[in-house]
Each structure stands twice: as structure tokens, then as C-alpha cells.
Amino acid sequence: MTFLEAVRQRFFAFLIVLGAAMVLSSVAFRFLDFGHGELKFIADFGFGGMFLFGSILAVVMTAQLFFAEMDNRTALTLLAKPLSRAEFLIGKFFGVWMILGLFVIILSALLGLVLWARAQELSLLAEQSGRVAPDFSISGLSIFALLQWLRLSVVAAIVLAIAAAARTFLFAVILGALTVVAGQLQWIAQDVLLKPTESVVYKSILWLTSRILPNLQQFNIGDALVLDSGTVAMSSIGWVILSGLLYASAYLLLGALVFRRREI
Amino acid sequence: MNSAISVRHLTKDFKIGLRGLKLRAVDDLSLEIPRGQVYGLLGPNGCGKSTTLKIILGLVSGTTGEINILGFPSATAEARRRTGFLPEAPYFHKFLSGRELVRYCAQLSGVPAVKMDDAVDSALELAAMTEASSRPIGTYSKGMLQRIGLAQAIVHDPELVILDEPTAGVDPVGAAAIGRMIRAMRDQGKTVVLCSHLLGQVEQVCDRVAIMDHGRLVLEGRVDEVLAQRDRHLMTIEGLTPEARLAAESTLAAHGARVTSVTHPRRSLEELFRELVTGSRDA
């Protein structure tokens, strides 16, 4: 039901269009590649668009779908049924998870198409000039899409946990967005932890922060996967997936515990 | 157990503001709602009846006290499996058809797949929504929304049905139809708890009523009993002239009038309600 509701929203279509525009426009902006490979630029542009609009989608749509149930009081009708609070929340999550999956699939397919088309053109040029033709990995792109889906799912789980406690949609969106930013910068906390320091309190806070917040940067291995797939070990990918699943599960559990005590 | 709902010493305090001041919404409420009847729960706005309903349905937890539904603690899935609920001013996803909504609610309520079609058809038929069931809910009138809400509340054949303002905003024809549906549910052996501000309808439909005010139970009993004014008598007299009406029974007999029955006069539920909650009698 959550998926059906979400897929009908113009906001979703709007973000798909924006994301697609960003992916497609990467070809036009490739002169800005600053000396890097053209395919790398297109890939980075596409990855960036997927993350930016995907994060917006994950944060805003998760909060919106949750608060729509509260504000319209459809939650009253649903929770009066033999449906536990946890089931309600997990149902919301899976609806959002499906919409995020659709978003990632569409944009990944589009990015793959753009990369393939440009790779064909560059291959012809390379043949003519006797250089090595650039290439990209479709399987790497598929794995990257899966990782992005997982990253956005973690974001959705975090926002759902926030929404379970929050009183307003705006608060949930703002805190969710800040959490995404913090998750992207979490690697800084980990870096600082490795440096010697005398302050136990400081170190404890950083340690806690690095554990509570997921490191969203760890999902940023698109370059290596798509353009140099042989350099990424499957075990590393496995750890990233496991970490993502654990964080999503932990935040869903936290959200369920908080929501259980919420008065509807 | 004869009670559909058993409420014992229920109290609910809400914390207000940062200082945590308490607002007592329900104050030591005890109530036994018998099975197989239509029970009216009445009270002015802010009296605690909606809070009581929400606690019964497990949407809000009580501060102290105990509630059982059909023998099960109210917050359990077992209790909710046996309960159907229509909230006040129901809102449903507009892109669903009526049939899709009822089917969805049937799935959530645990109706087995083999019985699904029959259950949905029966609920739509009782709610007189079979013809309109394939249309999107977004095209429904207010009365149709209430009726489809009723259908989703009863699709899983619950023993207890709770209706919060089922006829609010509905025209008299639609309200009468909903009244007939409520009586039909009672005839099927269900217990119906009805919250409504439309006292005329409550008086017609309900077997028993409870009136709340400021979180407390003010009055409870059979509708006929609570409305009867036992300190007064009603005499039906034949051949009575206008002058003789003012005299006593013996004086009436001396004037050639014949008393054919003596019954207790009945005031309206609305009069009683106003008298109890405002503390003054109507002239």
C-alpha cells in the first residue's frame, strides 16, 4: 500500500526526471572532466545525481508517507486492526524500499545506457588513433546500483526511526537530512579516532558517533566497481552490504521500539 | 463472560508542556458493556469519550486501570482481531476502489484467502456499497465514505464494532440507512458501541447509554430507564375537557372523564443530556 501511494506522487516523478536529467546531461558537461577519463566523469556525475536525488527521495518521501498516515488518521484505522506497531513501521519501510529500488533501477539503467553509448563512441575514436579503448563494467554498475539501493535504504530506516519519535514532518526531514550529511562525514570521526589523543571523553564521543552513525561513504565505490572492477574484492563488497543491512535493521528496531510507546 | 467490554478504574493523565503538568482526561472510569447490544457512549467535546475509545482500541495507553475486550486485554492482537472500528471522519486512500480498500482491510484483519471474496461481498452488501465498490474512493460522497468505512470495519466479522460519529455530516437519509445497518449488526449478535453527538439517533438505535462528563461516568443504563421520569406520571384520559385536565384523578372522575392508562412521561435524550452536563434543567 505504501509503495502504491508513493509511486503515484508527483514528487517521485519529479525526482526521477531531475535525476535522469543529471545523468543525461553528464555527456554535455564532459568537457569539465578536469583531465580525468571521460567515462569516469560521466559515471561520477551520474553517481552524484543518484545519491543527491535519491537521498532527497529517501528522506522526504519516508517522512511524508509516515506523517501522511498520522495526519490523515489512516493510522487510526490500520492500528485498530490486529497489526502491531512494528509491522506497521516495517510495512512503511518496505514500501519506501521498493520505491527507492525503482528509482535506483531507472537511473542506473539510464546511466548504463549513457556510459555504453559514450564507450562505443570512444572505442571508435581509440581504434582510429591506436589508443586503448576505455570500457566499463555492467556487472560493476549492477553491484553499484545494489549498494546505492542499500545506502538509501539505510537512510530511509534512519528517517523512519526519527519520524517515529518526531511530532512534525519538518523536524523529521531536517533531522534526517542532517543525519545524511553526518553519515557522509562520519569517516572524519573514524580518522580522528585513529590519531593519538589524551582526552578519553573526546575519544568516547567520537567512538560513539562512529558507531551510531553509519559511514555512508563506504558505499561510494562506484568508480572502482564500474570502471576498474577488478580492484574491488568481493569480500569488501560483502562487508559493506552486511554493514548496511545491520544498520538498517538496527534503526528499524529502534524505530519500532519508539513507535510502540507513541500515542496515536 | 457477558461483557463485550469491561473497563475497570481507568484513568488517563496527559502531560502538558515542559513542566509536565497533568491533564486528567479520564477519571476512574468503570464500565461494563454487555454483549449483543447497541451501546451509546455520549458526552460533550472534551469529556474523555474519544480518549476512552482510543484506550479500548490500544491506540493510547491508560495511566491506570484495566480494559478487557471479549475476555482479552485490550492492547492485544486477539482483542483487535475481534473488533471492528470506524473512526470519526474516516480518511482512506483515494486511489483505491471501495472493494480494494475492504479487501486490504480484510487481509490486515486476518481473513483467510479462501473466505476473502465472500467476506468482502458480504461486508459491501451490508453497507449497501456493492454497486459503487469498483469506483475510486476519491469519487465517493460523505455518506458513501461512511458506509465503506463501515464495510472495512465489519469485513472480518468481528464480535464487537466501535463506531465513532458514524453519521457525522451525513444527510438524514444516509443517517437512517446507517441506523438500519447498526440494527442489522445487532440482530447478527454483534455488540455495537456508538459514539455520537446526534442524540436523536442514539435514542432510536441504542439499547443502553453511558454519559460522560469531565472524564467521569455521569449516568449509565437502559435508554428507556434513564429517560423515564419516575417522579411524574402520565395519564391518558378519554372525554376530558380542557378545564378538567388541571384537576386530580378523583376530580377528573367526578367530571365524567375516564383514565385509561397511567405511564411515566418520557423526556428526550437531548433534554437529559443537557441537564446532566450543564447542571441546569430546561424550562
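**Figure 1. Packing of helix α11 of chain A.** The buried residues of α11(A) pack against α5 (85-129) and α6 (138-165) of chain A. Contact here means that the C-beta atoms of two residues, placed from the backbone, lie within 7 Å. The model is predicted: local features need pLDDT of at least 70, side-chain atom pairs count only at pLDDT 80 or more, and totals for chains, interfaces and linings use all residues. Residues are numbered from 1 along each chain as its sequence is written, while chains are lettered from A and ligands numbered from 1 in the order in which they are written. Buried in α11(A) are Val240(A), Gly244(A), Tyr247(A), Ala248(A), Tyr251(A), Leu252(A), Gly255(A), Ala256(A) and Phe259(A). A residue is buried if 20 or more other C-beta atoms lie within 10 Å of its own, exposed if 12 or fewer, and partly exposed in between, with C-beta atoms placed from the backbone. Helix α11 of chain A (residues 234-260) has 27 residues, which at 1.5 Å a residue should span 39 Å; the end C-alpha atoms are 39 Å apart, in agreement. The expected span is 1.5 Å times one less than the number of residues. Helices (H or I, at least four residues) and strands (E, at least two) are DSSP runs, numbered from the N terminus.

Figure 2. Four strands form an open sheet in the order β2-β1-β4-β5 (chain B), with antiparallel pairing. At its edges are β2 (21-34) and β5 of chain B, each of which pairs on one side only. Strands pair if DSSP finds at least two bridges between them. Strand β1 (residues 3-16) of chain B is joined to β2(B) by 10 bridges, and the two run antiparallel. Within β2(B), Arg24(B) is the residue opposite Asp13(B). Helix α1 (residues 49-56) of chain B packs on the sheet and touches β1, β2 and β4 of chain B. The direction of α1 makes about 115° with that of β1(B); axes are lines fitted to C-alpha atoms, for helices over the stretch in contact, and angles run from 0 to 180 degrees between N-to-C directions.

**Figure 3. Two non-glycine residues of chain B with positive phi.** Most residues other than glycine have a negative phi. Leu70(B), in the loop between β4 (64-69) and β5 (72-73) of chain B, has a positive phi of about 55°. Leu70(B) counts as buried because it has 20 C-beta neighbours inside 10 Å. Ala89(B) has a positive phi of about 45° and lies in the loop between β6 (83-86) and α3 (98-108) of chain B. With 14 other C-beta atoms within 10 Å, Ala89(B) is partly exposed.

Figure 4. Chain B gives 19 residues to the contact and chain A gives 17 residues. On the side of chain B that touches chain A, the elements giving two or more residues are α2 (77-81), β6 and α3 of chain B. That side of chain B has 13 nonpolar, four polar and two charged residues. Ala, Val, Leu, Ile, Met, Phe, Trp, Tyr, Cys and Pro count as nonpolar, Asp, Glu, Lys and Arg as charged, and the others, Gly among them, as polar. Tyr91(B) is placed in the loop between β6 and α3 of chain B. Not counting residues up to four places away in sequence, Tyr91(B) touches Asn72(A), Arg73(A) and Thr74(A). Tyr91(B) is partly exposed, with 17 other C-beta atoms within 10 Å. From C-alpha to C-alpha, Tyr91(B) and Ile137(B) are 9.5 Å apart in space, and they are 46 residues apart in sequence.

**Figure 5. Strand β9 of chain B and its partners.** Five of the six residues of β9(B) are buried, and the strand is mostly covered. Four bridges connect β9(B) with strand β3 (residues 38-42) of chain B, in a parallel arrangement. Here Leu41(B) is opposite Ala210(B) of β9(B). Between β9(B) and β10(B), which run antiparallel, there are six bridges. Met212(B) has Leu217(B) in β10(B) as its bridge partner. The hairpin of β9(B) and β10(B) has two residues between the strands, and in it His214(B) takes a positive phi near 50°.

**Figure 6. Contact between the domains of chain B.** Chain B is assigned domain 1 (3-227) and domain 2 (234-278), with bounds that come from an automatic or database domain assignment. In the contact, 12 residues of domain 1 of chain B meet nine residues of domain 2 of chain B. On the side of domain 1 of chain B that touches domain 2 of chain B, α7 (199-205), β9 (208-213), β10 (216-222) and α8 (223-227) of chain B each give two or more residues. The largest share of that side, four residues, comes from α7(B).
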